[in-house]
Amino acid sequence: MTADFLLNLAQAIINGLLTGMVYGLMALGLSVIFGVMRIVNFAHGEMMVVGMYLAWMGFEYLQVSPMLSLPVIAALFFGAGYILQRSLISPFIGRPEHQQFLLLLAVAILLVNASLAIAGPDSRGVQMESQFDSYELGPLVFDAVRLHAALAAVAIALLLWLFFTRTRTGKSIRAAADNNLAALVVGLDVRRLYSFTFGIGAACVGAAGALMITIIPVSPFLAVEYTLLAFVIVIVGGLGSMTGALLGGLLIGVSEAVAGLLLQPSLKSMFSFGLLILVLLLRPQGLLGKGSQ
Amino acid sequence: MSFIRRLVGNAPPRILWSLAILLALLLVAPALLGKYWLSVLILILYFAFVGQAWNILMGFAGQLSLGHALYAGLGGYIAAGLYFHYGIGPWAGVFAAVVVAGMAGAIVGYLGFRFSLAGVYFALLTIAFSEFTRVAFDHWEWAGGSGGLFLKVEAVTDIINLRGGPVLFYYVILGLAAGAFILCRALLQSRLGQYWLAIREDAEAAQAVGVPVLRCKMIAIVISAALTALAGVWNAFYYNNLFPETAFAMGRSIEITLAPIIGGLGTLFGPIVGAVVLTGLGEAFTDLGDVLRIPGIKQIFYGLALLVIVMYRPAGVWPWLADKLGLKERQP
């Protein structure tokens, strides 16, 4: 245990925490959709990849920084999610899980291959000037891009929390999530709320994509990995719990970074899946999830 | 004879005749078909077989597994590894493969069912085990690691070591598919099969009337995993290579689930019809993709086809087709 090693470890944990915030935002989208509609979005990683591509295109062709294109991408994703729910997914609510799975699998195949057809199979990254900037705190280094991405993710999560606790629509969505029938009885337009919810979930993952492209380059093959990652995070944190998704994101971000440091980087996902298996068996409702499945 | 009579049950004669003609045609198919069409038929039979295996767990017992690549991968790796390292032929190696995959199924099943994980949670558990194993095999030298395991391609036909051309593999997979079909029919006719359907429809009610739910689910996953391992062994020797990235990939697991879901979950003909539909679409779109020369275009059409099928035939193609053709089995 040298001081050097401890420093490296602390540095890995910092990087893990910062990336973990963006993971958390991505998983938040999945968690919101599941929490309200009981639909598992198997196209989540594919949506993330589309968000990354849009931010990359904005940077490459319009010279707009991903941070600035983020609101536009989130708005586009909200609209797309709203329409997707209204047109395709709505009839599948309450249907057997395998039918929902097949529907979203088809959506996933379409999204990822449309990206492939448009942008090609090569990795695409953004080269920004701030890429090499960093803030130093004593011996520790905070990558500027990671730090900005993490702060933006926190800010968006905060906005979302305000939306769900302070606005009428947000409260109505929570009511519909708690008790669908009662929400209908008191006259809430549950169908519209569901579309709204899917839009919000999609906006989260779109925003997370715009942030993620500043950290790593995008390729269509990342999609499955992100879908799995989002599953791991929300199960570990607790499906349907917003704080749980963020906590899960941090946990997985750190565990990946530390596993990459202590073991081989290629072993890091084994770590995450091991964690997933443990949580599923010992506390299937997740760390912060409540009550029955 | 009584076994056969029970197997036939109330099936309408029309369906029996159709099956007999289909089997006869399949037996002579290699003599009639060219290389390309034989390879397509092999693909159809493979997906029909592995779909039948998956259908036992999901279609009969109602447990959604999205990690069946685990059993196919384990089966393939064990038989191929035994042959590669020790020269033990697949007809012997297949026993080890089936036992290991069955045990893996038992472990996943016991953990999942014991802690009563159901639906999405069980599905995620199966994905996690499959992914976990994928990364483990990436780092396991005996199995070739991430660089893959390759079997030598030999020109001679050697049935003992399952080395040879497409015709050999065609008859093996035909035998497996036909065997699985008969096995599934027998299972459905048995008490166990009735228990499974009861569990699928309402596990709590089944438990209440005395169905041994945990044991029945365990039997389902072990049979399903063991059959899937057979498909994995066949696959490994047919393609002569194995990579953790593909053998245990989530994509492989999903591939296994598609034919039965598209064809009709829980039905005997569903996996077969689904395999025909999906392989047919896949081949047609490959040709189209070759013409259009846009990356991913084949998959885009494939995705659209899946979307259309799940929206308009959510219960699968076969139940609708059977109704149209008047092939519905009379209820006893």
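Colleague: How many of the 23 residues of α4(A) are buried?

Modeller: 18 of them are, so α4(A) is largely enclosed by the rest of the structure. Buried here means 20 or more other C-beta atoms within 10 Å of the residue's own, exposed means 12 or fewer, and partly exposed is in between, with C-beta atoms placed from the backbone. This is a predicted model, in which local features need pLDDT of at least 70, side-chain atom pairs count only at pLDDT 80 or more, and totals for chains, interfaces and linings use all residues. Residues are numbered from 1 along each chain as its sequence is written, and chains are lettered from A and ligands numbered from 1 in the order in which they are written.

Colleague: What are the scores for the model, and what does chain B average?

Modeller: The model has ipTM 0.86 and pTM 0.90. Chain B averages a pLDDT of 90, and 98% of the residues score at least 70. The pLDDT is the predictor's confidence in each residue, from 0 to 100.

Colleague: Back to α4(A). What does it reach from its first C-alpha to its last?

Modeller: Helix α4(A), residues 97-119, reaches 32 Å, close to the 33 Å expected at 1.5 Å a residue. The expected span is 1.5 Å times one less than the number of residues. Helices (H or I, at least four residues) and strands (E, at least two) are DSSP runs, numbered from the N terminus. Just after α4(A), Gly120(A) takes a positive phi of about 80 degrees.

Colleague: And α10(A), what should its 21 residues span?

Modeller: Residues 242-262 should span 30 Å, and the end C-alpha atoms of α10(A) are 30 Å apart, which agrees. As for cover, 15 of the 21 residues of α10(A) are buried.

Colleague: Where is Pro220(A)?

Modeller: Pro220(A) is in the loop between α8 (190-212) and α9 (222-237) of chain A. Pro220(A) counts as buried, with 25 C-beta neighbours inside 10 Å. Leaving aside neighbours within four places in sequence, Pro220(A) is in contact with Val49(A), Val112(A), Ser115(A), Leu116(A) and Pro121(A). Contact means that the two C-beta atoms, placed from the backbone, lie within 7 Å.

Colleague: Which residues have the most contacts inside the largest nonpolar core?

Modeller: Val22(A) and Ile173(B), in a core of 216 residues. Helix α10(B), residues 213-239, gives the largest share of this core, 16 residues. A nonpolar core is a set of buried Ala, Val, Leu, Ile, Met, Phe, Trp, Tyr and Cys residues joined through C-beta atoms within 7 Å.

Colleague: New topic. How many residues of chain B are in contact with chain A?

Modeller: 36 residues of chain B are in contact with 33 residues of chain A. The elements of chain B that give two or more residues to this side are α6 (119-138), α12 (250-263) and α14 (297-312). The largest share, 13 residues, comes from α6(B).

Colleague: And by class?

Modeller: That side of chain B has 29 nonpolar, five polar and two charged residues. Ala, Val, Leu, Ile, Met, Phe, Trp, Tyr, Cys and Pro count as nonpolar, Asp, Glu, Lys and Arg as charged, and the others, Gly among them, as polar.

Colleague: How do β1(A) and β2(A) pair?

Modeller: Strands β1(A), residues 134-137, and β2(A), residues 140-143, pair in the antiparallel sense over four bridges. Pairing requires that DSSP finds at least two bridges between two strands. Tyr135(A) stands opposite Phe142(A) in β2(A). The two strands form a hairpin with two residues between them, and Gly138(A) in the turn has a positive phi of about 60 degrees.

Colleague: What about Arg38(A) and its phi?

Modeller: Arg38(A) is not a glycine, although its phi is positive, about 60 degrees. Arg38(A) is in the loop between α1 (3-37) and α2 (44-62) of chain A.
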